[in-house]
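Subject: Handing over the model

Hi,

Here is the structure I promised you, and my notes follow below it. Please have a look at the model first and then read on.

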Amino acid sequence: MWKVYGSSVSYYTGKLEAYLRYKGIAYEALPTPYGEARMLIEKVGAVQMPIVERDDGRWMSDTTPILLQVEQEHPTPSILPADPVVGFVAALVEDYGDEWLWRPAMHYRWSYRRDRRFISDHLAEEVGGFIRAPHWLKRMRIAKRQFTNFVVKDGVNEATRAHADKAYLNALDAMSAMLANRPFLLGNAPSLADYGMMGPMFRHFGQDPTPAEIMRQRAPLVFEWVARMWCAAQVDEPQFLSEVPPDAAALLREACETHLVQLAANAAAFGRDETHFGVTIQGCRYEKLPASRYRVWCLEELRRAFAALDADAQGKVRALLSYDGAEILWSGDIPPPRFNEDHHLPFGKAINVYGEGTPP
Ligand SMILES: N[C@@H](CCC(=O)N[C@@H](CS)C(=O)NCC(=O)O)C(=O)O
């Protein structure tokens, strides 16, 4: 039995748990032992959620490489669409879910009073054992840490708040358009794209009081999909689409205009050795966003996946992604992130999205 260290309200832990359940891999969910940070850093390089201790004694972290590793060990049912264009789109959507929707997810959780109260109470109990303080003070400290680091320092303020709010609504609408036509985003079974969207949609938007009510009212198909993902039974033959359907256009447009625009600006700032950068996303100006080496690597991976496509598939992807932001996938250079060059992940040392876990 594997041990999955994380939290029952964590973005990436929920994504991984949903995947392990689908693959029929037994695991025990345990709270992240924050008091043993030194041991965790020795095992996996970074304190983050989730971390997996396998029954063969090896440790894994970082959900995207974990999923791809487990796919190799347990190839059926596959979550990787066979068509190269659909497969590329799945990887792009996964990265959008992993990295772009993180900001709105943290904003809804920590900016809204009901949500902040609910989650700080939960986290203080679940993973706050290492903080020597009464429960109310643990809650205050956790809420302050999260709001300061992942809302304020991640660029959400008076000028950007409406845009951060809307980012969630756009994701709901775009997913609803696809789920009106099939049970999962790209076929009759969950793909990498669905697992990427499960991070934000399950343990944040689908669980925190404010966005969960919005989901129920505005996007019942997404609400239903979250439950379907959580209890996904193995399908004998996953049938993924053999081409990207027109109903994916809104999601692809959103991923390009937000996530890829941000990834390009982040990579440029990283190349200039800058700790912060400003970027205009869909007309909204974000200032002083923390630069991330990890996200330069995310972009490098997407560019590598694009470059590995044959000319015909590249042409199809370019035609599908005729939106602002997409060019960074195939044109220009990005600075090398110098991370995971030997493809050691999910084993060995991972890095946090920001510095030692929180933004500079
Ligand atoms: N790329 C990693 C990201 C993991 C991650 O950032 N997890 C968050 C919580 S869901 C975390 O542990 N953040 C660090 C912190 O809060 O100190 C993955 O996919 O597993």
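Cys231 is exposed, with a relative accessible area of 54% (exposed means over 50%, buried under 20%, and partly exposed in between, with a 1.4 Å probe and protein chains only). Cys284, in contrast, counts as buried at 9% relative accessibility. The closest cysteine sulfur to that of Cys284 belongs to Cys256 and is 18 Å away, too far for a bond. With a disulfide taken as a pair of cysteine sulfur atoms within 2.5 Å, the count comes to zero disulfides.

Before going further, a word on the basis: this is a predicted model, in which local features need pLDDT of at least 70 and side-chain atom pairs count only at pLDDT 80 or more, while totals for chains, interfaces and linings use all residues. Residues are numbered from 1 along each chain as its sequence is written, and side-chain values use heavy atoms, with hydrogens and water left out.

The ligand

An N or O atom in the side chain of Thr63 is 2.6 Å from a ligand oxygen. A side-chain N or O atom of Asp62 is 3.1 Å from a nitrogen atom of the ligand, and a polar side-chain atom of Tyr294 also lies 3.1 Å from a ligand nitrogen.

Thr63 also belongs to helix α3 (residues 63–73); helices here are DSSP runs of H or I with at least four residues, strands are runs of E with at least two, and both are numbered from the N terminus. Eight of the eleven residues of α3 are buried, so this helix is largely enclosed by the rest of the structure. The buried ones are Thr63, Thr64, Pro65, Ile66, Leu67, Gln69, Val70 and Glu71.

Backbone points to check

Most residues other than glycine have a negative phi, and most peptide bonds are trans. A cis peptide bond joins Met49 and Pro50, with omega about 0 degrees, and Pro50 is found in the loop between α2 (37–44) and β3 (51–53). Another cis bond joins Thr76 and Pro77, with omega about -10 degrees; Pro77 is in the loop between α3 and α4 (84–100).

Asp273, although not a glycine, has a positive phi of about 60 degrees. Asp273 lies in the loop between α12 and β5 (276–281) and counts as exposed at 73% relative accessibility. Arg338 also has a positive phi, near 50 degrees. Its place is in the segment after α14 (311–320), and Arg338 is exposed, with a relative accessible area of 56%.

Pockets and a cavity

Both were found on a 1 Å grid over the protein atoms alone: a cavity is a set of points where a 1.4 Å probe fits but cannot get out, a pocket is an open set with protein on both sides within 12 Å along at least five of seven lines, and lining residues have an atom within 4 Å of a point. Points are joined across faces, edges and corners, and a volume is the space filled by probe spheres set on the points.

The largest pocket has a volume of about 960 Å³. Of the 39 residues that line the largest pocket, Tyr34, Met49, Arg145, Gln146 and Phe150 are the closest to its centre. Helix α7 gives the most to this lining, with five residues.

The second largest pocket holds about 680 Å³ of space. Its lining has 28 residues, and Thr64, Leu68, Ala91, Leu192 and Glu301 lie nearest its centre. The elements that give two or more residues to this lining are α3, α4 and α13, and α4 gives the most, with nine.

There is one cavity of 30 Å³ or more, and about 40 Å³ of space lies in the largest cavity. Arg103, Asp154, Gln262, Asn266, Phe277, Leu289, Pro290, Ser292, Arg295 and Tyr354 line the largest cavity. Among the elements, α12 (249–271) and β6 (284–290) each supply at least two residues of that lining.

Best wishes

Definitions and conventions. A polar contact is a pair of N or O atoms within 3.5 Å; within protein, one must be able to donate a hydrogen and the other to accept it, and residues adjacent in sequence count only if both atoms are side-chain atoms.
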